[in-house]
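Subject: Handover of a structure

Dear colleague,

Please find the structure below, followed by a short account of what was found in it.

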Amino acid sequence: MATSLLRVPPPQGLLRPLAVPERLLLGPGPSNVPPRILAAGGQQLLGHMHPEVLQVMDEIKAGIQYAFQTQNRLTLAISGTGHCAMEAAFLNLLEHGDTVLVAVNGIWGQRAADIAKRLGANVHELLKPPGEYFALWDIEEGLVRHKPSVLFITHGESSTGVLQPLEGLGKLCHRHGCLLLVDAVASLGGAPIFMDQQEIDILYTGSQKVLNAPPGSAPISFSNQAREKMLRRKTKPPSFYLDMGWLANYWGCDGEPRRYHHTAPINSFFSLREGLAMLAELGLESSWERHQANCAQLCKGLRELGLELFVKEEKARLPTITTVRVPEGYDWKDIIAFLMDNHAIEISGGLGPSVGKVLRIGLMGCNSTSGNVDRVLRALRDALGCCRRSRL
């Protein structure tokens, strides 16, 4: 019999039912998925070229345009996470030898510089210490010195909790013949952003933060100037899967009949559509106000616990992810483990340049509630009482 040839037995773990614990996800993402979005993602599959799916994609595109505050025709969702959108932006915009200026004040600037270097770009970095942001004169100095074709900057630096001001930045870049590329994965929906008014050329985010959908789809939009730069390419983008020409056609952005490009994650699109619908029903301004109010309540409670906020300036604090310094006499790993084991709450330690320095608490989308602020503050009070290391 054919089975006599088998040498690897069925894994015992797969013969048991799937067990997923209930936890409140208050780290930097993903955030908890509301029942409505879970139900949307649990709908039966349809074919990726069925007219009903194409209609959902059109609705997603309109939702992204609302969330981004843009009328850009080239607006769609990448079949991948925020990292995938970052790569898509760079590999479609850049050709070998292009000059890029990357603003680095946390891990996402570091990742962007890495990606651009892998594509053969001439990469220059503007550096700020973790917890600080870039002023317009910092950026202008780099634009004048390096004359880049693209500037990358992170709106919501989730590794440090910094919210980067964007006013005037797009106008400044365009005055110097440069496109503005903005990462809004951790900020979109939680802090004001106006793509067209702020003259942002490329903007992207992820599905799993404020939009409360599962990770796996990444909204992105390109201005006409960015689109024209891509059309002037002398070489094809190095990735077929992320080629914006093909993706634009599949998403109905080029006015041509839609053609098959890849088998899209249909159920992820269903979830993303519902996340965008919930944001539209709430309203952007109400969402921004709610995130700001809950962030302020959290910051006040953290200070009352004797904790030090990592970002000094209130206006520079990211409303979706708050960072506090690890208090003296504590191990950050002990605090995180205590909250998980005793309160079923996830918070996170630092990432990249903030590792070992901060605790990160995320309040995103439906997770951004006054009740969740109270709940995490109670858990932290318990942790501070139980996790302090005894002095030798």
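**Cysteines**

Across the whole structure, the search finds 0 disulfides, a disulfide being a pair of cysteine sulfur atoms within 2.5 Å. This is a predicted model, in which local features need pLDDT of at least 70 and side-chain atom pairs count only at pLDDT 80 or more, while totals for chains, interfaces and linings use all residues. Residues are numbered from 1 along each chain as its sequence is written, and side-chain values use heavy atoms, with hydrogens and water left out.

For C173, the closest cysteine sulfur is that of C178, at 4.4 Å, which is too far for a bond. C173 is buried, with a relative accessible area of 0%; buried means under 20%, exposed over 50% and partly exposed in between (1.4 Å probe, protein chains only). C386 is likewise in no disulfide, the nearest cysteine sulfur being that of C387, 6.2 Å away. C386 is exposed, at 56% relative accessibility.

**Annotated domain**

An unreviewed UniProt entry places the feature "domain: Aminotransferase class V" at residues 29-376. UniProt positions are given in the numbering used here, feature names are shortened, and annotations may be inferred rather than shown by experiment. The span is 40% helix and 15% strand, and its end C-alpha atoms lie 16 Å apart. Helices (H or I, at least four residues) and strands (E, at least two) are DSSP runs, numbered from the N terminus.

Strand β2 (residues 74-78) is mostly covered, with 5 of its 5 residues buried. β2 pairs with strand β10 (residues 218-222) in the antiparallel sense over 5 bridges, where pairing requires at least two DSSP bridges between the strands. Within this pairing, T75 has S221 of β10 as its bridge partner.

M244 belongs to helix α8 (residues 244-250) and is buried, at 2% relative accessibility. Leaving aside residues up to four places away in sequence, M244 touches L74, L76, I78, A88, N92, F222 and M230 (contact means heavy atoms within 4.5 Å).

**Aromatic rings**

The structure holds 4 aromatic pairs. One of them joins F240 and W246 and is tilted, at 5.1 Å centre to centre with 55° between the planes. Rings of Phe, Tyr and Trp (its six-membered ring) pair if their centres lie within 6.5 Å; planes under 30 degrees apart count as stacked, over 60 as edge-to-face and the rest as tilted. F240 is partly exposed, at 49%, as is W246, at 29%.

Yours sincerely
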